[in-house]
Amino acid sequence: MGGQRPGRPLFPVHKPELHAVYDHQTDGIAYRAELTAYTSSPVLSPDPVLSAELDLAPEFLEQLHADVRTVNQAVTDRVAVRQQWIDRVVPLMTSQEAPQIRTWQCAHGDFHPANLTQDGTILDWEGFGMAPAGYDAATLYAYSLTAPKTAARIFEEFKILDSPDGRQALLVVATELLQAASRGAHPHLVPDLVALARRCT
């Protein structure tokens with residue numbers, strides 16, 4: 001593997017410092033390994049899908065809001081979600097018409113409780129890129145549906161979710177997770193995802 005210097009961070013958010021990046025290709029497959037600083041704070045949940053309610057402090061949520069806004073303002077040519085995928089998979093997974101995304105923003109791309117620590121550090125950045133506006137908030141909300149009080153708090157805190165852009169993002173995220181469930185990931189979340197998709201019409 002070849003090592004690369006990480007350079008300056010793309011945006012000033014609460015994330016582990018990136019020390020090095022290693023890229024390697026074998027048989028046409030590209031691999032990347034990232035070495036980051038150790039994070040001692042525990043994650044909010046050992047699993048992306050919540051199994052218990054969270055007590056989210058106002059200060060924690062304020063920091064989370066600030067970081068999400070910063071990421072949304074970043075300029076990148078990376079893509080987390082493509083309109084072509086939305087056009088193809090939303091009807092397949094939800095029997096609904098695919099939304100034509102009005103607003104695209106940079107997103108973390110995998111914004112769930114297992115990638116958030118108790119001190120507000122955001123982990124697992126390899127999937128960041130352009131996505132529907134509200135995508136990260138929608139992802140956090142969808143993974144929290146099994147903890148209704150926490151999900152309601154997230155929905156209340158992230159006002160974009162109760163907007164046309166937010167409903168588009170929620171439908172896209174519900175579709176992604178339903179597709180993942182069809183392949184065996186988090187099947188217990190399916191009833192909540194089906195109900196969420198219906199609410200997005």
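Predicted model: local features only at pLDDT ≥ 70, side-chain atom pairs only at ≥ 80, totals over all residues.

Residues are numbered from 1 along each chain as its sequence is written, and side-chain values use heavy atoms, with hydrogens and water left out.

**Nonpolar core.** A nonpolar core is a set of buried Ala, Val, Leu, Ile, Met, Phe, Trp, Tyr and Cys residues joined through side-chain atoms within 4.5 Å. Buried means under 20% relative accessible area, exposed over 50%, and partly exposed in between (1.4 Å probe, protein chains only). The largest such core has 50 residues, and Ile 86, Tyr 141, Phe 158 and Leu 196 touch the most other members. Elements giving two or more residues to this core include helix 1 (58–72), strand 4 (104–107), helix 3 (135–143) and helix 5 (164–182). Helix 5 contributes the most, with eight residues. Helices (H or I, at least four residues) and strands (E, at least two) are DSSP runs, numbered from the N terminus.

**Aromatic pair.** Rings of Phe, Tyr and Trp (its six-membered ring) pair if their centres lie within 6.5 Å; planes under 30 degrees apart are stacked, over 60 edge-to-face, and the rest tilted. The count by this rule is one. Tyr 141 and Phe 155 form a tilted pair, with 5.4 Å centre to centre and 55° between the planes. Tyr 141 lies in helix 3 and Phe 155 in helix 4, 14 residues apart. Tyr 141 is buried at 9% relative accessible area, whereas Phe 155 is partly exposed at 28%.

**Asp 136.** This residue, in helix 3, is buried yet has no salt bridge (a side-chain nitrogen of Lys or Arg within 4 Å of a carboxyl oxygen of Asp or Glu). The nearest side chain of opposite charge, Arg 78, is 12 Å away. The Asp 136 side chain does reach the backbone nitrogen of His 108, at 2.7 Å.

**Contacts.** Contact means heavy atoms within 4.5 Å.

| Residue | In contact with |
|---|---|
| Leu 196 | Tyr 141, Ala 142, Leu 145, Leu 170, Ala 174 |
| Asp 136 | Ala 107, His 108, Gly 109, Asp 110, Phe 111 |
| Val 43 | Pro 113, Ala 114, Leu 116, Thr 117, Gln 118, Leu 123 |

Val 43 is found in the loop between strand 3 (29–36) and helix 1.

Definitions and conventions: Lys, Arg positive; Asp, Glu negative; His and termini not counted. Polar contact = N/O pair within 3.5 Å; in protein donor to acceptor, adjacent residues only side chain to side chain. Lists of a residue's contacts leave out its neighbours within four places in sequence.
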